[in-house]
Amino acid sequence: METKKPLSASAIISAKKKAIFRFLLLQLLLTFLVSLGIFYVAGGLYGYSFILGALTSILPSVYMAWRIFGYKGTRPAKDVVRSFYRGEAGKLAMTVVLLSLVFLLVKPLAAGAFFAGFGGAILSHWLSPIVLRNT
């Protein structure tokens, strides 16, 4: 009978990093597909409003993932916690800035479609356990 050797910490981190970025890529792909459907059914205004809303949520998530998993190998727990705090603070700041920029600079904007994209991207995080389970 063969015994399995436990994975190293670096291997576990690498697998989780790949899973997180795969989820974010899937989230972007689904956002673009849904927005294409909205473009076709409801028109351009609703399509680009939806995609701007989704990107306003997804881009800060990409930043946070990069802050947390942007390092190779293992790090001391103190550095990991610091990365989480910096990532979350940056994510919050980016979300505020992106929301402000969209509402200040994008005219016309369908607010309902924008918030549907924003909320849909946030709710899609509920799918992450399904996507991440396969790693």
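A crossing of two helices is left-handed if the near helix is turned anticlockwise from the far one by less than a right angle, and right-handed if it is turned clockwise. In this predicted model, the crossing of helix 2 and helix 4 is right-handed.

**Overall make-up**

The chain contains 5 helices and 0 strands, and its elements follow the order α-α-α-α-α from the N terminus. Of its 135 residues, 28% count as buried. Among contacts in the chain with a separation of 6 or more, 74% are between residues 24 or more positions apart.

An unreviewed UniProt entry lists residues 20-42, 48-69, 89-106 and 112-132 under "transmembrane region". In the model, the span 20-42 is 100% helix and 0% strand, and 32 Å separate its end C-alpha atoms. The span 89-106 is 94% helix and 0% strand, with end C-alpha atoms 25 Å apart.

**Helix pairs**

Two packed helices are described by the angle between their axes and the distance between the axes.

| Helix pair | Angle between axes | Distance between axes |
|---|---|---|
| Helix 2 and helix 3 | about 160° | 8 Å |
| Helix 2 and helix 4 | roughly 35° | within 6 Å |
| Helix 3 and helix 4 | roughly 160° | within 12 Å |

**Helix 2 with helix 3**

Helix 2 covers residues 44-69 and helix 3 covers residues 77-105. Angles over 145 degrees count as roughly antiparallel, and helix 2 and helix 3 are therefore roughly antiparallel to each other. Their crossing is right-handed. On the helix 2 side, the residues in contact are L52, L55, T56, L59, P60, S61, Y63, M64, R67 and I68. They meet S83, F84, R86, G87, E88, G90, K91, M94, T95, L98, L99 and V102 of helix 3. By class, this contact of helix 2 with helix 3 has 12 nonpolar, 6 polar and 4 charged residues.

**Helix 2 with helix 4**

Helix 4 spans residues 111-123. In its contact with helix 2, the residues from helix 4 are A113, F114, A116, G117, F118, A121 and I122. Helix 2 contributes Y46, S49, F50, L52, G53, A54, T56, S57 and I58. The contact of helix 2 with helix 4 divides by class into 11 nonpolar, 5 polar and no charged residues.

**Helix 3 with helix 4**

Helix 3 and helix 4 are also set at an angle that makes them roughly antiparallel to each other, and helix 3 passes helix 4 in a right-handed crossing. T95, L99, V102 and F103 of helix 3 make the contact with F114, F115 and F118 of helix 4. Its residues divide into 6 nonpolar, 1 polar and no charged.

**The loop between helix 3 and helix 4**

P108 is placed in the loop between helix 3 and helix 4. The peptide bond joining K107 and P108 is cis, with omega about -5°.

**T31 in helix 1**

T31 belongs to helix 1, which covers residues 9-42. Buried means under 20% relative accessible area; T31 has a value of 8% and is therefore buried. Leaving out residues up to four places away in sequence, T31 touches F50, I51, A54 and I58.

Conventions. Residues numbered from 1 in each chain as written. Predicted model: local features only at pLDDT ≥ 70, side-chain atom pairs only at ≥ 80, totals over all residues. Heavy atoms only, no water. Axes fitted to C-alpha atoms, helices over the stretch in contact; angles between N-to-C directions. Helix = DSSP H or I, 4+ residues; strand = E, 2+ residues; numbered from the N terminus. Parallel < 35°, antiparallel > 145°, perpendicular 65-115°, else oblique. Contact = heavy atoms within 4.5 Å. Nonpolar A, V, L, I, M, F, W, Y, C, P; charged D, E, K, R; others polar. UniProt positions renumbered as here; feature names shortened; annotations may be inferred. Buried < 20%, exposed > 50% of the residue type's maximum accessible area, 1.4 Å probe, protein only.
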